[in-house]
Amino acid sequence: MQQTDKDTLIVGISSRSLFDLEKENDIFVRNGVDEYQKYQMDNENKPLKKGTAFHLIESLLKLNEKTQKKIIEVVVMSRNSPDTGLRVLNSIDHYKLPITRSAFSSGESLAKYIEPFKIDLFLSKNEQDIQEAIDSGKCAAALIYEPPTGFTPDENTLRIAFDADAVIFSEESEFIYKTAGLEEFARNEAEKQDIPLNEGPFAKFIKTLSHIQSKIEGGGKLIRIAIVTARDYPSNIRVIKTLRKWGVNVDEAFFLGGQPKDMILKAFNPHIFFDDQECNVKPASSVVPSSRVPYKKDSPLAGK
């Protein structure tokens, strides 16, 4: 399995992930599209507050300035109409975010535009759009949770944390754990420690991120990648060997043996954390920006 050679990372971000649009969304849900449109147009020159993924996008875009290369592109992808989306564009200008491309679909699904925009990572608060993106397998995608209170982002280094199974790697080993128990999971992983794990929904994304890190001067100081997983010894050996086989550099790895992840994440302080399980994402989201990676609809883990 070869390391990706893609030199530019393209991120699709929904307006509700980039900005705090919860009040506006409530107006839409309670009063309908006409009231929502009127409210947005009446307030289109009032900048929106920062949302859960704002600091991630800001930090990603700063990499272009620091490296003097266009290694990151961001596309705002919104179910707003162009009229109601004007407030989003004005807010982007207010915060001086160098985002030039956008898509406004007036309520239609955004998943079909992932491929034309060549999106590598799609972040949204719309479960349908994220599920469709995951089912298509065309990019990494995650459902953004509410922002943590008191989060202070690292201003100098982009920090991203990943769970392992069903995120970076396939769900095969996690399925064994959930259906056959810990002992069988540990036996399987020890037995197959020299057999690389299969790719999961975020495999291509972490490969691209690692490739970019390796190609820029001072990459280890500008981008820091961590894995935070419930695995422990000896099942962690297979993780390390798989990443080595992929040519992926991980700066930090935490093998927690089933212990809670939130305090480790608070210490690492990522701009975003990706995990597949609600029981991990919810507590993590209280301390760092967090997101959940859904299973495909046809996955045996869906609904478990």
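A residue is termed buried at under 20% relative accessible area, exposed at over 50% and partly exposed in between, with a 1.4 Å probe and protein chains only. The structure is a predicted model, in which local features need pLDDT of at least 70 and side-chain atom pairs count only at pLDDT 80 or more, while totals for chains, interfaces and linings use all residues. Residues are numbered from 1 along each chain as its sequence is written, and side-chain values use heavy atoms, with hydrogens and water left out.

The chain contains 13 helices and 12 strands, assigned as DSSP runs (helices H or I, at least four residues; strands E, at least two) and numbered from the N terminus. Its radius of gyration is 19 Å, close to the 19 Å given by the globule rule for 304 residues, so the chain is as compact as a globular protein of that length. Here the radius is taken over C-alpha atoms, and the rule is 2.2 Å times the number of residues to the power 0.38. Along the principal axes, the C-alpha atoms fill a box of roughly 60 × 45 × 35 Å. Of the 304 residues, 53% count as buried. With contact defined as heavy atoms within 4.5 Å, residues 24 or more positions apart account for 75% of the contacts with a separation of 6 or more.

Aromatic rings of Phe, Tyr and Trp (its six-membered ring) were paired if their centres lie within 6.5 Å; planes under 30 degrees apart count as stacked, over 60 as edge-to-face and the rest as tilted. By this rule the count comes to 12 aromatic pairs. Phe54 and Tyr95 form an edge-to-face pair, at 5.0 Å centre to centre and with 65 degrees between the planes. Phe54 lies in helix H4 (residues 54-67) and Tyr95 in the loop between helix H5 (82-94) and strand S5 (101-104), so the pair ties together parts that are 41 residues apart in sequence. Phe54 is buried at 1% relative accessibility, whereas Tyr95, at 23%, is partly exposed. A tilted pair is formed by Phe202 and Phe274, with 4.6 Å centre to centre and 45 degrees between the planes. Because Phe202 lies in the loop between helix H8 (182-191) and helix H9 (203-215) and Phe274 in strand S11 (residues 272-275), this pair ties together parts that are 72 residues apart in sequence. Both Phe202 and Phe274 are buried. Ring pairs also link Phe162, Phe202, Phe205 and Phe274 into a cluster.

In helix H2 (residues 22-31), Glu22, Glu24 and Ile27 are buried. The buried residues of H2 pack against helix H1 (15-18), strand S2 (19-20), helix H3 (33-42) and H5. Gly32, which follows H2, has a positive phi near 95 degrees.

Backbone geometry was also examined in several loops. Ala166, in the loop between strand S8 (158-162) and helix H7 (172-180), has a positive phi near 70 degrees in a residue other than glycine. At 5% relative accessibility, Ala166 counts as buried. Asn269, found in the loop between helix H12 (262-268) and S11, likewise is not a glycine and has a positive phi of about 60 degrees; Asn269 is buried at 18% relative accessibility. The peptide bond from Tyr233 to Pro234 is cis, with omega near 5 degrees, and Pro234 lies in the loop between strand S9 (223-229) and helix H11 (235-246).
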